[in-house]
Every structure is written in structure tokens, then in C-alpha cells.
Amino acid sequence: MIAQILFVVWRESIEALLVIGILQAWLVRHAAATARAYLWGGVLAGLVAAAVLSAGISAVDTALPPRGQDLFQMILMLTAALLVVQMVLWMRRHGRSLKRELEAGLSAELARGRLWGIFALALIAVMREGAETVIFLQGILAATGWSGEALLAILAAFSVAAGSYALLQLGGRHLNWRLFFRVTEVMLLLLAAALFTNGMGHLVSLGLVPVEPPVWDSSALLDDTSLFGSVVAGLTGYRATPDPVTLVSWAVFWGGIFLSFRAQRLALARA
Amino acid sequence: MLRSLLTVALLALAAPALAEDPVYTLEFKDGGFSPARLEVPLAATVTIRIVNAGSTPVEFESKALHQEKLIKAGADVAVVLTGATAGDYEFFDDFHPGAGKGVIALVQ
């Protein structure tokens, strides 16, 4: 039971931790205090939203139309994916001059848009898995009568999560910046791919696209139903048995990344 | 006596209507689920009722079906599959990792 709580809570919080941890590390590096305020404001708003959302589910139970829930999740995921990609593109372009630009109020419109983008991303990242985590914890605690064992497991899970966050901050501070940025950039893009793939998958659960059997089975390589495999699937969008919708999502996402990176490179070269 | 006759008569009239929409149920209970293989005849719209008969919350998840449903203890939820192709679709309980996976088999 402890192992179950540890794993589930860690897994639910890792996505939000990566997003917030990486953004915090990027923003600290460029001394963008205002931007960090938006980040943590978003986290706070996300916690409140998660509490409200979980209470809402508690109150209405199964009366909430399942299609409504699916649509809501889909919008959240696709929005989050878009915000992550925008953030990555923006850091690639403005990273070095971030502090100067924000302080001088240069490209104020663009900067303000990005600041609210950071707020929204933090909010969504925390709220999405936060509501699920609250319901999971409520249920476990109720079932075990708030046993010391359960509480200890929850504390341990959050400590491990906090450790991952701390590791990111240390990396940002002590590693070669270019290396850190490249690695964390890839981590965020993979996360965005997972969000996009998952979000597009809702077209099937909403009944807009038919359920199709998988095109191939790579479970021999990595089984996405194993513990490790399921975490990889959640953080990268990997699927062992992808159906056509998944394959199209992958192609659209990575194709889009390739094109937008290239467009940015060309624009910067021309400037 | 009259009341019993009336009840039977009403049930007899209602039987065809009740028989029209068979409900396929999957029951989850604190990490276990039954049946391990649920066979459902293929139709344009397939409705499966997922029940949480345990004391802890479960999350019905099937990557193949693109379904992820949180179900609190004692609650139940309906999963609707539209335009599905026949085949075996795996599912598991995301809140009870290591509890194994089951199969929803859509058969012609």
C-alpha cells in the first residue's frame, strides 16, 4: 500500500514539477523576478483550482456528463502543450536578453503575453493532475482511516517530488547553461508531445473519431503498461500500441516543432 | 393477488424494452477487477458500465480506447465507444499499479 501511494502520488506530481521546476530554473538564471512572480502566482491559482475541481467532482459525482469532462481535459491538455512549445520558442529567442527586455519594458506587449502564458501554464500543470491527486489521497485516507502508515507514505512521496524539483534547480545553477538548457528544452518538448498526443486521443473518447486497432506493437521494446513504461508514456507521449490517431498526433506535433524551429532560425538569421 | 398480477403484467410489457439495451458491467474493487476479460458484441455504439465496488478510488484507463475515468468508491461511470472496430483492448487501474491488466473484447 505504501508503494502504491508513493508511486501514484509521485507520478501524478512529476509532470507539474518538471514544468514548474524547469521554468523556475530558466527564469532564475536570467534574473526575471517579475516572470517568477507570474509562475508562482500560476502555481497558487492551480492549487486553488485543483481544490475547487476535486470538490466539484465530489459534489456532483457521476452526474457530471462524461463527455463534458472529456472535452474539458482535451482543452486543458492541448492548451498546455501549446503554451509549453511557445515557452520553449520564446526562451530560444529571448533567453539571454530576458532581464533587459522586461526591465526596459521593451516589446512590452510580447513580454506581457508571455508572462500570462507562464501563469496559465503553471495553473494548468498544477490543476490537471492536482485534482486527481486530491481525490486519490482523499479516497486512500478515508479507506485507511488516516493511518500513520498512509500519511508517512504521502509525506515520502512529496519529499521525493521535492527532491526532483531541487535537483533541477541545482542543475540550472551549476551545470553549463547551454547543456542544461538543451536538456531541459528536450524534456519540455517531450512533455508537450505527451500532452498533445493525450489531448488528441480525446477525439476518440468523445466519439468524433472511431476506435481503431493498433498499427503496430512495440511492447517487446518498451511495454507502456509496465511501471517504468507507463511513466515514460506519460512524460514523452510514447505508446507501445499506437492507433492511427496517435500516429497522426506524433507526426503533427514533431512536424510542427521542426517547422517552427526552422522558421525561427531563418528569421533570426535574417535579423 | 391483483397487485401481483398487475406487477407481472407490467414486467411482461416492459421486458422487450429492458432487453433492448443490455448493459455490460466491469467491476473494480481495490485493485482487482472482474471480469478479467469482458466480451461485448460489436455495435455502432457500445456502452460499458464501470462500477467501483471497493473502498478506494480507481482510475479506469485504456490507452487503446483512449479512455481515462476517475471513479470514486461506490460510484459508477458509463463508457461509450463509438464506431469501434472488433478486437481486444487492454485496460488497467491507474490508481492500483501492478494490479495487472484486463481486456475488453469487442466481438463480431
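Modeller: Helices here are DSSP runs of H or I with at least four residues, strands are runs of E with at least two, and both are numbered from the N terminus. The model is predicted, so local features need pLDDT of at least 70 and side-chain atom pairs pLDDT 80 or more, while totals for chains, interfaces and linings use all residues. Residues count from 1 along each chain as written, chains are lettered from A and ligands numbered from 1 in written order, and side-chain values use heavy atoms, without hydrogens and water.

Colleague: Which helix gives the most to the lining of the second largest pocket?

Modeller: H5(A), with six residues. A pocket is an open set of points on a 1 Å grid over the protein atoms alone, with protein on both sides within 12 Å along at least five of seven lines; lining residues have an atom within 4 Å of a point. Helix H1 (2-29), helix H2 (33-60), helix H5 (108-144) and H6 of chain A each supply at least two lining residues. Of the 20 residues in the lining, Ser13(A), Ala16(A), Leu47(A), Val126(A) and Phe158(A) are closest to the centre.

Colleague: What makes up its lining by class?

Modeller: 15 nonpolar, three polar and two charged residues. Ala, Val, Leu, Ile, Met, Phe, Trp, Tyr, Cys and Pro count as nonpolar, Asp, Glu, Lys and Arg as charged, and the others, Gly among them, as polar. The volume is about 450 Å³, meaning the space filled by probe spheres set on grid points joined across faces, edges and corners.

Colleague: What lines the largest pocket?

Modeller: 50 residues. Gln73(A), Met77(A), Glu132(A), Glu59(B) and Glu68(B) lie nearest its centre. The classes are 21 nonpolar, twelve polar and 17 charged. Its volume is about 1000 Å³.

Colleague: Why is another space called a cavity?

Modeller: Because a 1.4 Å probe fits there but cannot get out.

Colleague: How do you know how many residues of chains A and B are in contact?

Modeller: Contact means heavy atoms within 4.5 Å. On that test, 36 residues of chain A touch 30 of chain B. The buried area (accessible area, 1.4 Å probe, lost on being put together, summed over both parts) is about 2700 Å². Carbon and sulfur atoms give 59% of that. Glu132(A), Val211(A) and Thr225(A) supply 20% of chain A's share, more than any other three residues.

Colleague: Why do strands E2 and E7 of chain B stand at the edges?

Modeller: Strands pair if DSSP finds at least two bridges between them. The open sheet runs E2-E1-E4-E7 in chain B, with mixed pairing. E2 (32-34) and E7 (76-82) each have a single partner strand, so one side of each lacks a neighbour in the sheet.

Colleague: What makes E4 and E7 of chain B a pair?

Modeller: Seven bridges join E4(B), residues 45-52, to E7(B), and they run antiparallel. Val51(B) has Asp76(B) as its bridge partner in E7(B).

Colleague: How do helices H6 and H7 of chain A pack?

Modeller: At about 140 degrees, with axes 7 Å apart. Axes are lines fitted to C-alpha atoms over the stretch in contact, and angles run from 0 to 180 degrees between N-to-C directions. Leu168(A), Gly171(A) and Gly172(A) of H6(A) meet Trp177(A), Phe180(A) and Thr184(A) of H7(A). No charged residues take part in that contact.

Definitions and conventions:
Buried area = accessible area lost by both parts, 1.4 Å probe.
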